[in-house]
Amino acid sequence: MTEGSNSPKFTSIPKPPQPDASSGLVQLKVLATGLHRLVRSRASGKHYTSSATAQRIPGVDGVGETSDGQKVFFLCFKEGGSFAEYINVPRSDTWPLPSGLDPIKAAGLVNPTLSSWMPLTARCDNLPKDFSVLIMGATSASGRLAVPLARSLGATRVIGCARNEEVLKSMGLDDHVVLQDPVTSTDFSRVGHVDVILDYVYGPVVIHLFKSMKPTGRVQYVHIGSVASYSDPSALEISLPGSVLRGMDLTVRGSGMGSWDLRAVGKAMDRLLQSLSNIGEAKIGVKKLEEVETAWHQVGDRLVFVP
């Protein structure tokens, strides 16, 4: 991508040189790489981790193959550049792909999976056995993945909140709350106590939720995304009354690059990849890398590019 462009251009550049054995780098032939919301945001310069470099190759992760034929999942948050046929990455940022895990599935789902995995493993602490979780924005792509992942980490009661009740009923939730318009009319009385709130929505509904809750113990709230801001930019901010903080045992945190580092991701990756192997089929679109210009703005299913 070049400065001022709103989509990448497919072009040919020299293959990166084979890294020296002492460099700590490994060269991978890219087999699949995901077009995540994060990728678009970073490429446009709007994400808080975006590089100031004017010309850049998009992409933050993918599945690649080493020169000896081993398939690995890799991260390249710092370097970028997974939208390519070959990439050099630190060997420490690669993990063997579990047997049976489809490269397309791994490339498409690890990033959205991290959005719930890291909050639960790196941003919450001392979760009780058989903990309960409320997922705000449960019908979003990341929210749907959060349901089986929370269960795999020990949750025995999972509640989802979103606008589409039909979809909520089909998700295997233990209970659900339908988000109303205005959001302040949403009835959270059936939530009861929850140990964790994973929030992909943010905005005024968060304050309404806090005011409506009647917890019987500690509640750990983790802000992950701001879906509400897509239709209402003011939802990027909230005004949190002091009475809420005084009136309940509430811990407020965020989850994203900056609140945890890649070392924490690395420690979680083997288990996360194995958990993905146990998740059912996901709807993922596949495009050739040379189609990137037309597919960049595609909405709907998750999208993965292959060489």
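Predicted model: local features only at pLDDT ≥ 70, side-chain atom pairs only at ≥ 80, totals over all residues.

Residues are numbered from 1 along each chain as its sequence is written, and side-chain values use heavy atoms, with hydrogens and water left out.

Which residues line the largest cavity? Val30, Thr33, Ser82, Ala84, Leu289, Phe305, Val306 and Pro307. Strand S1 (25–35) and strand S13 (302–306) are the elements that give two or more residues to that lining. Strands here are DSSP runs (E, at least two residues), and helices are too (H or I, at least four), numbered from the N terminus. A cavity is a set of points on a 1 Å grid over the protein atoms alone where a 1.4 Å probe fits but cannot get out; lining residues have an atom within 4 Å of a point.

Now the helices. The axes of H2 (residues 103–123) and H7 (residues 262–277) come within 10 Å and cross at roughly 120 degrees. Axes are lines fitted to C-alpha atoms, for helices over the stretch in contact, with angles from 0 to 180 degrees between N-to-C directions. That makes H2 oblique to H7. Oblique is what remains after under 35 degrees (roughly parallel), over 145 (roughly antiparallel) and 65 to 115 (roughly perpendicular).

Who touches whom? Contact means heavy atoms within 4.5 Å. H2 contributes residues including Leu109, Trp117 and Met118, and H7 residues including Met269, Arg271 and Leu272.

Terms used: 1 Å grid on protein atoms, 1.4 Å probe; cavity = no way out; pocket = protein on both sides within 12 Å on 5 of 7 lines; lining within 4 Å.
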